[in-house]
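Please open the sequence and the model side by side, and we can walk through a few spots together.

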Amino acid sequence: MTPPTLRTREQAAPTPVAEEPAPAPTPSLRRIRWHLALALAVLAAVAYVARRHWPVLERGAGRLADADHGWLLLGAVLTPATWLCAALAQQGAVPRTLPRARLVAAQFAAGAANHLLPAGLGAGAVNLRFLLRCGVPAGRSATALAVKGTAAVLTRGALVAVLALGCPGVLRPPEVPGTALAVAGGSALVVAALLRGPLRPRCRRAAAAVLGDIRAVHARPSRAAALWGGSLAFALLHALVLVAVGRAVGLPLASARVALLYLAASSAAALLPTPGGLGSLDAVLAFALTAAGSPGATAASTVLGYRLLTAWLPLLPGLLVLGVLVRRRAL
């Protein structure tokens, strides 16, 4: 007969568990890795171009140091207003009322997080976590981000169209080769076949949910006004910050033309998934200003000043706010 103490020890002995293999990377993780690889490639190309044109960049930095401080102060005042507009647009995309102070702080933190991950993943993750913490269901939170992004694209396109009518000849339609058109047409046919085939039920359910949330938002005029007004003001204020910096350094271009070039360049730079448009927006915007007739040093100083006000100066405070929100479980 086994002694009681020995039986107790045998019962208490832990059963060895076989080690499970490490899980394979999820598709989202693979997607982030591809985005990071592409972002690093773009940054390497930008660094190469910057090295070749370093004298122009150096003269631009010197011109920025001697700029008109009044115009720079105006640009610095307009920059925080962009976070308020982003918060207004995010509130407009959600039927329920969000806490105002935390909403503005989340937009400020999202701007900083957007410079850590490419293709807007940082800002999207922060806003998604914020909405989930506010009690918005996961599906409605994702829909709210999609509605806000769609409103931003449409308002930016409307601004480009209006300014292009006032500044004829600034924007020219790009020449698209036949190969690109054939590839785009083939891709469209494949997507249409998938949507009409196995993906049709899921797409119909997702579309019905999105349309339901859009109707719920636009059923309240105050929410619709916040969504579209905040999105419009956000794009306009960023353009005005660039105009103010251009005035400070003596950019020899009309304000409407500078705003049009900014909106077009930022839309084009969004196609390159670099963190916060780092490198891609700088290169495209400097090229656009130079092609419009600005000296290279003046265009470089304008872009440097704009990025300093909207990206580099708010970066460290934004990361601190992000850390505080995470620690307080607001994200």
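Predicted model: local features only at pLDDT ≥ 70, side-chain atom pairs only at ≥ 80, totals over all residues.

1. Residues are numbered from 1 along each chain as its sequence is written, and side-chain values use heavy atoms, with hydrogens and water left out.

2. Start with serine 266, which sits in helix H11, residues 255–269 (helices are DSSP runs of H or I, at least four residues, numbered from the N terminus). Serine 266 counts as buried because its relative accessibility is 13% (buried means under 20% relative accessible area, exposed over 50%, partly exposed in between, with a 1.4 Å probe and protein chains only).

3. Which side chain does the side chain of serine 266 join in a polar contact of 2.6 Å? The partner is arginine 156. Also have a look at alanine 239: 27 residues separate it from serine 266 in sequence, and 9.9 Å separates their C-alpha atoms in space.

4. Next, find leucine 121 in helix H6, which spans residues 121–133. Leucine 121 counts as partly exposed because its relative accessibility is 30%.

5. Finally, arginine 329 lies in the segment after helix H13 (296–327). Arginine 329 counts as exposed because its relative accessibility is 61%. Its phi is positive, about 60 degrees, although arginine 329 is not a glycine. Most residues other than glycine have a negative phi.

Notes:
Helix = DSSP H or I, 4+ residues; strand = E, 2+ residues; numbered from the N terminus. Polar contact = N/O pair within 3.5 Å; in protein donor to acceptor, adjacent residues only side chain to side chain.
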